[in-house]
Amino acid sequence: MNPSEKGVVTPVRPEPIKAVPVRHPGRWAGAIIILVLAAMLVHALIFNPAFQWDVVRQTMQDDTIIHGIGVTLELTVLSMLMGVVGGVILAVMRLSPNPLLSGTAWFYIWIFRGTPVLVQLVFWNFLGAIWENLSIGIPFGPEFWSESTNKLIPTFTAALLGLGLNEAAYMAEIVRGGIQSVDEGQTEAAHALGMSRTATLRRIVLPQAMRVIVPPTGNETISMLKTTSLVQVISLSELFTAGHDIYSRTYQTIPVLVAISIYYLLMTSILTVGQYYIERYYARGANRTLPPTPFQRLRSLFAGRPAPKTGHDVVPGLEGGGHV
Amino acid sequence: MTDLTKTPRDAASAEPMVKAEGVHKSYGLVEVLKGIDLEVRQSEVFCLVGPSGSGKSTFLRCINHLEKINGGRLWVDGELVGYRQKGDRLHELKDREVALKRRDIGMVFQRFNLFPHMTAVENVMEAPVQVKRENKAAARERSMALLERVGLADKAGNYPSQLSGGQQQRVAIARALAMKPKLMLFDEPTSALDPELVGEVLDVMRGLAEEGMTMIVVTHEMGFAREVGDALVFMDGGVVVESGNPREVLTNPQHARTRAFLSKVL
């Protein structure tokens with residue numbers, strides 16, 4: 001009966017099974033309900049006059065709003081930069097065997113994590129009310145240089161100090177967690193090779209800690225993008241404050257808030273994509289193959305074949321990244 | 001196994017490579033090493049065997065100062081480990097000075113401890129470039145030669161996660177050799193390997209021994225100790241129970257504890 005038993009040379013493929021697949025009526029019902037709800041929501045959004053979509057569009061093109069986006073981005077980038085650099089320094093201090101360093105770092109984190117960032121922002125802004133001048137000189141002795149605090153710390157700098165120094169405290173704990181997640185054998189191997197503490201940290205421990213550090217840092221960046229809106233209390237005209245100024249003048253609160261929310265959503269979306277690529281970069285060596293980028297996935301979808309399984313020799317996007 | 005399998009070594013340079021006198025080590029109240037005395041001569045393959053918890057790995061880690069000793073004296077190549085003697089007082093060495101001495105001592109770990117974010121060749125060239133400030137291209141070339149020597153030239157671009165255990169351990173040996181050490185420490189180098197992968201690592205170590213490298217090997221591979229070893233020490237409970245020529249100790253142990261241990265592992 002079986003063709004192969006009779007020694008037939010050309011192999012005969014078995015008839016593919018034609019079975020009735022399992023039906024999922026629940027899914028169809030669920031999909032219809034969700035579609036109806038979505039349609040209702042869209043309808044409500046578009047046709048409710050309270051949203052005033054023409055005002056939304058108009059607001060999105062407003063010059064002060066566009067300028068506000070610039071300030072928001074600037075604040076986010078600079079304060080995160082302060083946060084990351086400060087966080088790494090604090091984390092290393094915290095883990096240092098030197099009690100003076102670890103104690104100082106502990107105290108810093110205690111203060112800056114333990115008080116509201118809103119209070120810190122106001123504090124930096126009104127530093128001039130506490131100390132009118134800042135000066136450099138011999139402690140309790142003569143001064144060589146002195147400057148008015150308000151001139152030295154304008155509003156933008158105050159905002160940056162408030163956000164950045166606060167962020168450093170949070171980043172310190174994230175970086176510390178990352179450093180401690182690296183196997184102790186790695187430090188030992190590096191020390192056994194004669195590498196110094198600094199070189200071990202820079203070349204061996206931190207690159208591996210990055211895998212643990214990057215996801216929460218992405219989270220922090222997205223959070224920071226929105227936290228910058230708090231600088232409204234010191235009247236720095238970033239995106240939220242710009243919007244606030246408009247609706248307190250025109251009383252078109254909802255459309256203005258919708259307009260700036262669209263911008264916030266747009267910026268966080270871009271950051272999310274960036275985070276994906278950074279995580280992918282630091283995954284090298286940890287996974288045998290890297291997951292395809294969304295772009296590669298999209299391309300393979302249209303090419304009609306599975307996304308490329310990256311072999312060990314070629315890691316797309318990393319060809320320049322230190323291969324032989 | 002007979003003595004014929006061993007190549008004779010030029011035995012006696014006057015200075016021993018490693019010398020231990022009454023080495024003590026304790027963690028809190030737990031005394032792990034209770035006075036170790038031994039000498040490892042130049043070009044010798046020195047095997048440390050014993051049950052787990054006997055302190056053999058701890059002693060090995062004292063030699064490159066990964067562990068600080070609490071008592072006794074330990075010399076490598078005539079110099080005190082971890083201390084400098086001024087008059088009759090000992091001064092602790094700075095981190096930088098300790099690192100400087102570790103350059104000359106290669107170490108191979110039970111769990112390989114390759115750097116997972118670097119390819120095989122990057123692992124090997126890391127220390128020469130970072131520690132000795134060697135030219136990158138030259139270091140890479142030398143590292144490729146070392147990988148060739150452990151039979152892994154074709155895996156140079158692979159990350160550790162893409163290598164088998166045996167291959168990882170051979171890369172780890174190449175990495176240690178890249179610093180041109182005068183002494184190699186092996187901490188149970190084959191204990192984490194699948195049985196069929198043990199041979200390839202032991203072959204590399206045998207090759208090193210034949211070239212005259214001084215090696216201290218903590219191992220459970222009695223076949224290797226008998227065949228390649230020049231000296232063997234059996235440790236138990238933080239003390240040296242028995243020592244001598246591996247072929248004699250392993251075939252004709254003098255102490256009951258040695259016999260009990262060997263009857264379980266042989």
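**View 1. The contact between chain A and chain B in the predicted model.** In this predicted model, the contact draws on 26 residues of chain A and 34 residues of chain B. About 2600 Å² of area is buried between the two chains, and carbon and sulfur atoms contribute 54% of that area. The size of an interface is often given in this way, as the accessible area lost when the parts come together.

**View 2. Salt bridges and polar contacts between chain A and chain B.** Three salt bridges are found across the interface of chain A and chain B, and one of the side-chain pairs that meet in a salt bridge is A:Asp183 with B:Arg111, at 3.9 Å from N to O. Across the interface of chain A and chain B there are also six residue pairs in polar contact, with both residues at pLDDT 80 or more. On the side of chain A that touches chain B, the elements that supply two or more residues are helix H9 (184-192) and helix H10 (197-227) of chain A. Of the residues on that side, the largest share, seven residues, is given by H9(A). Sorted by class, the side of chain A that touches chain B is made up of eight nonpolar, ten polar and eight charged residues.

**View 3. The surroundings of B:Gln169 in chain B.** B:Gln169 belongs to helix H5 (residues 165-177) of chain B, and this residue counts as buried because its relative accessibility is 0%, where buried means under 20%. A polar atom of the B:Gln169 side chain lies 2.9 Å from the backbone oxygen of B:Pro189. When residues up to four places away in sequence are not counted, B:Gln169 touches B:Val108, B:Phe109, B:Gln110 and B:Phe112, and also B:Pro189 and B:Val201.

**View 4. Aromatic pairs, with two examples from chain A.** Over all chains, a search of the whole structure finds eight aromatic pairs. One of them joins A:Trp106 and A:Trp110 in a stacked arrangement, with 5.9 Å from centre to centre and 10° between the planes. These two residues are separated by about one helical turn, because they stand four residues apart in helix H4 (residues 99-114) of chain A. An α-helix has 3.6 residues a turn, so residues three or four places apart point the same way. A:Trp106 counts as partly exposed, at 44% relative accessibility. Another pair, A:Tyr281 with A:Tyr282, is edge-to-face, with 5.0 Å from centre to centre and 85° between the planes. A:Tyr281 has a relative accessible area of 35% and is partly exposed, and A:Tyr282, at 22% relative accessibility, also counts as partly exposed. A:Trp106 and A:Trp110 form one aromatic cluster together with A:Phe107.

**View 5. The fold of chain A.** The secondary structure of chain A amounts to 13 helices and two strands, and 35% of the 324 residues of chain A count as buried. Among the contacts in chain A with a separation of 6 or more, 67% are made by residues 24 or more positions apart.

**View 6. Helix H1 of chain B and the residue B:His65.** Helix H1 (residues 56-63) of chain B is mostly covered, with seven of its eight residues buried. The buried residues in H1(B) are B:Lys56, B:Thr58, B:Phe59, B:Leu60, B:Arg61, B:Cys62 and B:Ile63. H1(B) is followed by B:His65, whose phi is positive, near 65°.

Technical notes: Residues numbered from 1 in each chain as written. Chains lettered and ligands numbered in written order. Predicted model: local features only at pLDDT ≥ 70, side-chain atom pairs only at ≥ 80, totals over all residues. Heavy atoms only, no water. Contact = heavy atoms within 4.5 Å. Buried area = accessible area lost by both parts, 1.4 Å probe. Salt bridge = Lys/Arg side-chain N within 4 Å of Asp/Glu carboxyl O. Polar contact = N/O pair within 3.5 Å; in protein donor to acceptor, adjacent residues only side chain to side chain. Nonpolar A, V, L, I, M, F, W, Y, C, P; charged D, E, K, R; others polar. Buried < 20%, exposed > 50% of the residue type's maximum accessible area, 1.4 Å probe, protein only. Phe/Tyr/Trp six-rings, centres within 6.5 Å; stacked < 30°, edge-to-face > 60°.
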